[in-house]
Amino acid sequence: MAALLLGAVVLAVYWPGLHGGFFFDDGPSILKAEGVRLDTLSIASVQQAWTSGGAGPSGRPVAQLSFALNHYLAGGFDPFAFKATNLAIHFACGVLVFCLALRLLASARPATEPRHRQVAAAAVAALWLLHPIQLLPVLHVVQRMTSLSALFLLAALLLHLRGREQGGRSGIAMLALAWIVFWPLSFLSKEAGALFPLFALAWELTVRRSARGSLDRFARTFATVAALALLGTVAYAISPRAQWLWSGYDFRPFTLVQRLFTEARVLWFYLGLIIAPRLEALGLYHDDIAISTSAVAPWSTLPSLLGLVVLAGLVWCLRRRAPLVAFGTAWFLIGHALESTVLPLELAHEHRNYLPIFGVLIVAGWALTFALEGKGERKTIGVALVGTALAYFPFVTGLRAHQFGEDVRRTQIESQQHRKSARAQHEAAVVLSTLPESTAASSPTYSFARSHYELAGELDPDFKWGLLGLIDLNCNAKIPVAEAEVRELGRRLQQTHFAPGDRSVLYAVKDMEIAGGLCLDRPQVDGLFASALANPGVSPGVRSMLYSWHADYLWLHERDLRAARHRPPAIAGVEPLQSQQSAQMGAAGAAIRGASTGVDFAVRTSK
């Protein structure tokens, strides 16, 4: 009965958000992945769905297959069906969280009354299901990769715990099921599943060791193998063969050291959102977080680094006195070991807390058992804190779900709450520019869209999409394209970091020109391609794509087959577009500002 009631609350909280659309990177992994368009069930079509992914080293085939089955059962790309499936997976994860919390509390607090442990485990599961930071793996469809990986990892860990505690043939069978079936399924949903052995090892070294009084042969062997595997991983990571792993930093505006410094602050930012979530701080985009350029810039970097050292020290100091606290702290740190350390990923995303948050909540559940067994003020304060969280968390989650239920509402709120996020401003402009009224230059919709595009370009001097969006917006509104905007786009393509997504800018230029939606002339298009090809950061593979796309434009739009077929390995006779110097720069900036709609900004023409 309690599970049904909790399920009803979860459904009611998330219901408004289920009616929202696809967004952000739902496109590459779902909408544009041919294998996901599963119309018939056959071995060939299932194989195509299995290999349709491009994310991560594995392509995340289990998640891709689930998207394809969604498409097949829903008869198309119905976002409601996809998000409802995500919600079902989220609730299934919540059930496993309850089972895991109950087992951990029973091991760490065996003297506690069973009903108190059940109440604490139920509180942990409810808070996990209803926490605002958990919203994106439900309503951002592609983040099913995160929740599905978590589902299989939690199942594997529960089987590992039961197998170790039960022993015998049935215990061995459970261990085999955990390690041979569910762990690979977790990894093939998302690479975060690779952390399962570390979670299991943390349990062996803290909770199980405390319950038994010592490490048994299995645990000692496990720890030795894990240490050797870790040493092997480090040795490979610093070897020349791992160059592919670090090449991503060539496209990032930060170095490895800067990322490590910044992530220290990001982890404390995450902890703040977990303990006291604020609606205005939550969001899809967090590119407004400043990069730590040193241990003291910004000043909060050094305290954040020292704080993480203290957390790691707590794991060691509390491993015997309070093993579940040590385990919960270790769980949070392990949960961020892959995505929040050395890999050249984006700096911050809320969905990365989907599993790590359990570490914080299990510590809260452990504390709640003491409160429930106590009397007077301790019990009152403990119950009041949990009750407040159970009321506040779903309230904030419900507000976020309502925000995500409609694209204009979602993007406008996001752009207001994250005024310094170039991505948030850009997406707000994109959504507005799809509305019919944006084609009228005198309409408020056009003005707001233009303001968002301009602000996106001003916030991030490397950002190219805002300028392309501005050009496209003006073309649709029958406004002549400002040469200053085209030249600034060319300068950014040539002189700034050429990120993996930047090649799509040229693909979009080609596609929109062929479709007749962009009003650039041939010299301008040629100049943009020449600018990108002049960027020293463009790899040979991307360079070949750019030549191919430019040839598509020459043939399909200009009908110049000769130029398309016989172009030499450079765009002959075309100079890259570059921003003009000194007074010309100022004139260009003034021209753009004069055409703006009231947002005060300056066009940045240097890196």
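Which residues are linked with Arg208 in a network of salt bridges?

## A network of charged residues

In this predicted model, the network of salt bridges links Arg164, Glu204, Arg208 and Asp216. Side chains of opposite charge can pair when their charged atoms come close. Arg208 is buried because its relative accessibility is 11%, under the limit of 20%. Glu204 is also counted as buried, at 1%.

## Other salt bridges

The whole structure contains 25 salt bridges. One of them joins the side chains of Glu427 and Arg410, at 3.0 Å from N to O. Glu427 lies in helix α19 and Arg410 in helix α18 (residues 407-417), so this pair ties together parts that are 17 residues apart in sequence. Glu427 is buried at 12% relative accessibility, and Arg410 is buried at 3%.

Another salt bridge is formed by Glu113 and Arg115, whose closest N and O atoms are 2.9 Å apart. Here Glu113 is partly exposed, with 37% relative accessibility, while Arg115 is exposed, with 52%.

## The nonpolar cores

The largest nonpolar core consists of 108 residues, and Leu100, Leu104, Trp128, Trp331 and Phe358 have the most contacts inside it. Helix α8 (residues 144-166) gives the most to this core, namely 13 residues. Leaving out residues up to four places away in sequence, Leu104 touches several residues, including Leu161, Trp203, Phe327 and Phe358. A second, separate core has 29 residues, among them Leu493, Val525, Val542 and Leu546.

Ser189 is part of helix α9 (residues 168-189) and is buried, with a relative accessible area of 0%. Its side chain reaches the backbone oxygen of Leu185 at 2.9 Å. Beyond its neighbours within four places in sequence, Ser189 is in contact with residues including Arg60, Val62, Met145 and Phe152. Ser189 and Gly59 are 130 residues apart in sequence, yet their C-alpha atoms are 8.6 Å apart in space.

Gln425, in helix α19 (residues 422-433), is likewise buried, at 0% relative accessibility. Apart from neighbours within four places in sequence, its contacts include Ser415, His418, His452 and Leu459.

## A nonpolar patch on the surface

Leu41, Leu69, Tyr72 and Leu73 form a nonpolar surface patch, with about 400 Å² of accessible area together. Leu41 is located in the loop between α2 (26-31) and α3 (43-50). Leu41 counts as exposed because its relative accessibility is 51%, and exposed means over 50%.

How values were computed. Residues are numbered from 1 along each chain as its sequence is written. This is a predicted model: local features need pLDDT of at least 70, side-chain atom pairs count only at pLDDT 80 or more; totals for chains, interfaces and linings use all residues. Side-chain values use heavy atoms; hydrogens and water are left out. Patches are made of residues with over 30% relative accessible area and no salt bridge: like charges are joined within 9 Å, nonpolar side chains (Val, Leu, Ile, Met, Phe, Trp, Tyr) within 5 Å. Accessible areas come from the Shrake-Rupley method with a 1.4 Å probe; for residues, only the protein chains shown count as cover. A salt bridge is a side-chain nitrogen of Lys or Arg within 4 Å of a carboxyl oxygen of Asp or Glu. Helices (H or I, at least four residues) and strands (E, at least two) are DSSP runs, numbered from the N terminus. Buried means under 20% relative accessible area, exposed over 50%, partly exposed in between (1.4 Å probe, protein chains only). Contact means heavy atoms within 4.5 Å. A polar contact is a pair of N or O atoms within 3.5 Å; within protein, one must be able to donate a hydrogen and the other to accept it, and residues adjacent in sequence count only if both atoms are side-chain atoms. A nonpolar core is a set of buried Ala, Val, Leu, Ile, Met, Phe, Trp, Tyr and Cys residues joined through side-chain atoms within 4.5 Å.
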